[in-house]
Amino acid sequence: MSRSRKPVMKCRHCSEPPVINMRQHKLALCGPHFVEWVRQQTERFIEKYRMFTRDERVLVAVSGGKDSLALWDILLALGYQADGLYIDLGIDGGLGYSSQSLACTQGFMAQHGGDLTLHVVSVADDYGATIPAAARVSQRGRGKPCSLCGLTKRHIMNRVARDYGYDVLATGHNLDDEVAVLFGNTMQWSVEYLARQGPVLPPSHPGLARKVKPLFRFYEREMAAYAIVRGIEYVYDECPHAAGASTIRYKELLNQLEADSPGIKLQFYLRFLQAREQHGLFEAVRQQVELFTCPSCGQPTTNDGECSTCRTWDRIRVRIAHSANHPAS
Ligand code: SF4
Ligand SMILES: [Zn+2]
Ligand SMILES: [Zn+2]
């Protein structure tokens, strides 16, 4: 009786065993060839979507997670002028999430010889409270701190990019992140978000940097594989406040679809971009938005007055001061 043996898989370019098999591309690669492929692809996307050039200064928002550290690593390897920005949110969650994230970012820098530039901004020092403490007073203990966190991170990224003269702000969003957000926005028909979602967001206001997502065509598992092959130590745990987020549920659902139809996530996202670019989908919404300048921080706002970040934090500081003066109330 003859037994059929499973064929031994090999790297597309050499005889080494592959570290990853990308079914949607029908491509299996060994470690060194995978690293080379990821870098070449990233360079191709940067050029294709006109994200930035080697003459421009790029600020990479690093969280200590695999995607942002992989992005920084790739941009440095490709010879781009890339500095980092780490935002200390003051999230502990029993695991010291923020301190672990900073330690991983610093470990990455040490691995690269230590002469990289990292801007570190502490939310508690600059705004008056950590994200969880601020969310507790502003939301009276209800709900998640994520909307305040997102608002504050955007405000800081815009500010640091503007104050230090960066042309571009790069984030490590991968395809799974982008598709989950697109799915959520489509489920809600959030046309304003759909009008702005994409790999490149031109500055909406003088002094703002262009926002880009160079990893938007890579699957999450590809970025995890890249970080592991490159020996990048990253924070494995999600932020403790991420549990139960709708994007996590959407990711699970989309992964089920992907398992049956490899490539469906990439197709969903690319067809959305195509529909928007070629058929002007949501163009009218994009043109309707009128922006003002916040008198406190100079950042764009849809209100004629202080921006929502400044107003939110003013209110939080008043509440914190009030509770410090009236501890029992
Ligand atoms: S999960 Fe929420 S609180 Fe945690 S980093 Fe993300 S947005 Fe911030
Ligand atoms: Zn190989
Ligand atoms: Zn403001």
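User: Which residues are around ligand 1?
Analyst: This is a predicted model, and in it the residues around ligand 1 are I131, P145, C146, C149, G150, C239, H241 and A242.

User: Which helix gives the largest share of that shell?
Analyst: That would be helix α6, residues 146-163, which supplies three residues of the shell around ligand 1.

User: I131 was in your list. Which residues of helix α5 are buried?
Analyst: Helix α5 covers residues 131-138, and its buried residues are I131, A134, A135 and S138. Looking down the axis of α5, you find these buried residues within an arc of 100°, so they line one face of the helix.

User: Why would residues spaced like that end up on one side?
Analyst: An α-helix has 3.6 residues a turn, so residues three or four places apart point the same way.

User: Nice. What covers the buried residues of α5?
Analyst: The cover includes α4 (123-127), α6 and α13 (308-325).

User: Switching topic: how do α7 and α10 sit relative to each other, parallel or perpendicular?
Analyst: The axes of helix α7 (residues 175-188) and helix α10 (residues 246-260) cross at roughly 105° and come within 9 Å. An angle from 65 to 115 degrees counts as roughly perpendicular, and therefore α7 and α10 are roughly perpendicular to each other.

User: Which residues make that contact?
Analyst: From α7 it is D176, V179, A180, V181, F183 and G184, and from α10 it is S246, T247, Y250, K251 and L254. By class, the residues of this contact are six nonpolar, three polar and two charged.

User: Is K26 buried or exposed?
Analyst: K26 is exposed, because there are 10 other C-beta atoms within 10 Å and the cut-off for exposed is 12 or fewer.

User: What about R50, what is its phi?
Analyst: R50 has a positive phi of about 50°, although R50 is not a glycine. R50 lies in the loop between α1 (31-48) and β3 (57-62), and R50 is exposed, with 12 other C-beta atoms within 10 Å.

User: How far apart are R54 and V35?
Analyst: They are 19 residues apart in sequence, and C-alpha to C-alpha they are 20 Å apart in space.

User: Last one: where is L194, and is L194 buried or exposed?
Analyst: L194 is in helix α8, residues 191-196. L194 counts as buried because it has 20 C-beta neighbours inside 10 Å. Not counting residues up to four places away in sequence, L194 touches N185 and F282.

User: And how far is L194 from R286?
Analyst: In sequence, L194 and R286 are 92 residues apart, and in space they are 9.4 Å apart, C-alpha to C-alpha.

Conventions. Residues are numbered from 1 along each chain as its sequence is written. Chains are lettered from A and ligands numbered from 1 in the order in which they are written. This is a predicted model: local features need pLDDT of at least 70, side-chain atom pairs count only at pLDDT 80 or more; totals for chains, interfaces and linings use all residues. Axes are lines fitted to C-alpha atoms, for helices over the stretch in contact, and angles run from 0 to 180 degrees between N-to-C directions. Helices (H or I, at least four residues) and strands (E, at least two) are DSSP runs, numbered from the N terminus. Angles under 35 degrees count as roughly parallel, over 145 as roughly antiparallel, 65 to 115 as roughly perpendicular and the rest as oblique. Two residues are in contact if their C-beta atoms, placed from the backbone, lie within 7 Å. Ala, Val, Leu, Ile, Met, Phe, Trp, Tyr, Cys and Pro count as nonpolar, Asp, Glu, Lys and Arg as charged, and the others, Gly among them, as polar. A residue is near a molecule or strand if its C-beta atom, placed from the backbone, lies within 6 Å of it. The arc is that of the directions from the helix axis to the C-beta atoms.
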